[in-house]
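Please walk me through this protein model.

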Amino acid sequence: MSKTLNTRYFSKPSDLRRIAPARLLQFLTLGTSFFESKGYALPENADELDHDVIGTILAEPEGMSEEFQSALFQVSELSKPDQELFDLMVRIVEGKEWAEEAHQDITNADLALMVFLNEPQLIEEVHAQDYITKPKSFQYFLAEDDADHTFHKPSEETLARLTAALNAGFVKKRRGENAKVTIRDGNGPTCFLVRHGEQFARQAAIQHGESTSVFFRPEMHDLLIYNAMSGELRMTTKAKWQQALYLETFGDLLFGNKDFFGNSPRFNFDPLRELGAKALSHAEFPEIEWIALREIQLYRPGGSRGQWEIRKADNLFESLEAVDETLPDGEIKKVTFRIKLKNSPRPRLLKIGSDNKEEVKNDQDRALFDNWLKARGFIAEENHEDE
């Protein structure tokens, strides 16, 4: 999430005019006192709204109440011209009696306002689903070999204790007490979306021609996904203290062991040295047209910080063979593959590292790529022997 209150999708007069006047006025009344403080009184008749003035005022959030600021943030985030986000909102409101007003010419902002004014709790559902489906890089943490990977959805009491423990960790790091955990489970892995505050931010603003500041706590999200079959927990956060907080609290309250998740290596790079280009075979995966080694990062000890070497080419094995060379010596730390799918015009990138980090540009490809990694031995055998 951005560390500024970004209202660009909800402060342009041209965008405001695309929203049903009555619906827009109903929403804006949440900030009646805010508009009055700016010298503008909201009219009783929605057709008399001055979109130019309203857009100018919303672009300068100084003096906005927390309630209106939160509402504006939520609606503005869903008002951006994103087709996938629009389709997601349409799916979520399908079958709702009040959604019958959503005609063929409804806009993102108009639909977002409709959701907010009728069932505001669905806004969070939209945010959660939208965030979960976005492509990301994940850090993997593995349960100890002798641990019971069985997972049961936590009770409300356990979820409250988990939230309290997370809040204690966030407060200690000056992030405020705003944590909320949303759980989405189905036939596959269980998703945990953790909403929390970030350190306070300052946004410069101009009020009546004078420079001023707006202080607020940005909203952040971390995604954690647990696979009970393999005992893997993957998460999006990069901060070491947050990783430690999640590992300890999730291990303790969901599995009864603060040390449930360890640091065992997930990836194994031996096939690249043992098999060379043959390690990239994919005959049993009809969706894949070809795979090439794009980049390899190696580390060799020496001196105070050791030596790093990066080799990169569109097809590294082919390039090395052309000059009669093999992969350089050293500990492989990171590998990038180019994978061409038959139904895609361009190859995709898959990055894996010795730090258990995996990055996939299109998250929909992750399951296929993981299955290929397992089949070729790039995922350590003990990490998926029971799958």
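The paragraphs below go through charged pairs, aromatic rings and helix packing.

This is a predicted model: local features need pLDDT of at least 70, side-chain atom pairs count only at pLDDT 80 or more, and totals for chains, interfaces and linings use all residues. Residues are numbered from 1 along each chain as its sequence is written, and side-chain values use heavy atoms, with hydrogens and water left out.

Start with charge. A salt bridge is a side-chain nitrogen of Lys or Arg within 4 Å of a carboxyl oxygen of Asp or Glu. The structure has 18 of them. One joins Arg23 to Asp110, with N and O 2.6 Å apart. This pair links distant parts of the chain: Arg23 belongs to helix H2 (residues 21-28), Asp110 to helix H7 (residues 108-118), and 87 residues separate them. Helices (H or I, at least four residues) and strands (E, at least two) are DSSP runs, numbered from the N terminus.

Are these two partners buried or exposed? Buried means under 20% relative accessible area, exposed over 50%, and partly exposed in between, with a 1.4 Å probe and protein chains only. Arg23 has 13%, so Arg23 is buried. Asp110 is buried too, because its value is 7%.

Now take Glu248 and Lys258. Their closest N and O atoms are 3.9 Å apart, and they form a salt bridge. Glu248 sits in helix H10 (residues 240-255), while Lys258 sits in the loop between H10 and strand E8 (261-262), so the bridge ties together parts that are ten residues apart in sequence. Glu248 is partly exposed because its relative accessibility is 41%. Lys258, at 46%, is partly exposed as well.

Glu331 and Lys333 make another salt bridge, at 3.3 Å between the closest N and O atoms. Glu331 is partly exposed at 44%. Lys333 is partly exposed at 23%. Salt bridges can also join up: Glu232, Arg266, Glu358, Arg366 and Asp370 are linked in a network.

Next come the rings. Rings of Phe, Tyr and Trp (its six-membered ring) pair if their centres lie within 6.5 Å; planes under 30 degrees apart count as stacked, over 60 as edge-to-face and the rest as tilted. The count by this rule is 23 aromatic pairs. Tyr140 and Phe267 make an edge-to-face pair, 6.4 Å centre to centre with 75° between the planes. Tyr140 is in strand E1 (residues 137-143) and Phe267 is in the loop between E8 and helix H11 (270-275), so the pair ties together parts 127 residues apart in sequence. Both residues, Tyr140 and Phe267, are buried. One aromatic cluster includes Phe151, Trp241 and Phe261.

Charges can meet rings. A charge sits over a ring if NZ of Lys or CZ of Arg is within 6 Å of the ring centre and within 35 degrees of the ring normal. The charged end of Arg266 sits over the ring of Tyr140, 3.6 Å from its centre. Arg266 is also part of the salt-bridge network. Arg234 lies over the face of Phe138, 4.5 Å from the ring centre.

Last, look at helix H6 (residues 83-93), the place of Leu88. Leu88 is buried, because its relative accessible area is 5%. Which distance separates Leu88 and Val126 in space? Their C-alpha atoms are 7.1 Å apart, although the two are 38 residues apart in sequence.
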